[in-house]
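Let's take a walk through this protein chain together. Keep the picture open beside the text and find each spot as we go.

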Amino acid sequence: MSDSVRINVVAEEGAVLPQYKTAGAAGADVCAYLKESLVIKRGGRALIPTGLYFEIPEGYEIQVRPRSGLAFKNGVTVLNTPGTIDSDYRGELRVLLANFGDSDFTVNAGERIAQIVVAPVTIGSFAKVNSLSSTQRGAGGFGSTGS
């Protein structure tokens with residue numbers, strides 16, 4: 001068994017705790033917490049509540065990512081991916097879904113809408129300098145290393 005990180009979760013009544021669906025899953029599914037179904041119009045987006053509030057240990061984050069099946073089958077994905085939940089945030093996890101599919105998409109209460117991954121955070125130390133070392137790539141950006 002691998003190491004684990006204790007994450008305290010407050011779940012509103014009826015909210016579903018995150019669940020890993022297989023033994024090898026890196027992401028735990030989170031579900032919509034809705035009183036009634038919500039339609040995301042084709043080309044639209046919506047902020048979906050989960051009813052979950054996390055206490056993440058310092059030195060960790062939770063990353064919010066799309067569910068591949070939802071994206072492939074319906075063209076529905078998570079915007080701002082991966083989204084970060086910082087260790088000092090105590091508000092509700094809400095998932096920003098976008099519908100890039102061919103038709104309107106209905107989100108139902110309890111439906112799996114995203115997955116979350118617990119990840120360690122490394123804090124950078126930024127130093128102002130007058131120049132940077134050179135590399136073969138240099139300042140080449142998008143597409144600069146080939147197609």
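Ser68 counts as exposed because its relative accessibility is 61%; exposed means over 50% relative accessible area, buried under 20%, and partly exposed in between, with a 1.4 Å probe and protein chains only. Ser68 sits in helix H1, residues 68-74. Helices (H or I, at least four residues) and strands (E, at least two) are DSSP runs, numbered from the N terminus.

A quick word on what you're looking at: this is a predicted model, where local features need pLDDT of at least 70 and side-chain atom pairs count only at pLDDT 80 or more, while totals for chains, interfaces and linings use all residues. Residues are numbered from 1 along each chain as its sequence is written, and side-chain values use heavy atoms, leaving out hydrogens and water.

Now for another exposed spot. Gly43 belongs to the loop between strand S3 (38-40) and strand S4 (45-55), and it counts as exposed because its relative accessibility is 60%. Here are two C-alpha pairs to find:

| Pair | Apart along the chain | C-alpha separation |
|---|---|---|
| Ser68 and Ala114 | 46 residues | 8.9 Å |
| Gly43 and Gln115 | 72 residues | 22 Å |

Next up, a sheet. Which strands form it, and in what order? Four strands make an open sheet in the order S2-S10-S5-S7, with antiparallel pairing; two strands pair if DSSP finds at least two bridges between them. S2 and S7 (83-85) are the edge strands, each pairing on one side only.

Strand S2 (residues 28-31) and strand S10 (residues 112-120) share four bridges, and Val30 stands opposite Ala114 in S10.

Finally, let's go inside. The largest nonpolar core has 26 residues, and Val95, Leu97 and Val107 have the most contacts inside it. Such a core is a set of buried Ala, Val, Leu, Ile, Met, Phe, Trp, Tyr and Cys residues joined through side-chain atoms within 4.5 Å. S4 gives the most to this core, with four residues. Leu97 has contacts (heavy atoms within 4.5 Å) with residues including Ile40, Ile48, Val76, Val107 and Ile113, leaving aside residues up to four places away in sequence. In soluble globular proteins, nonpolar side chains tend to be buried together.
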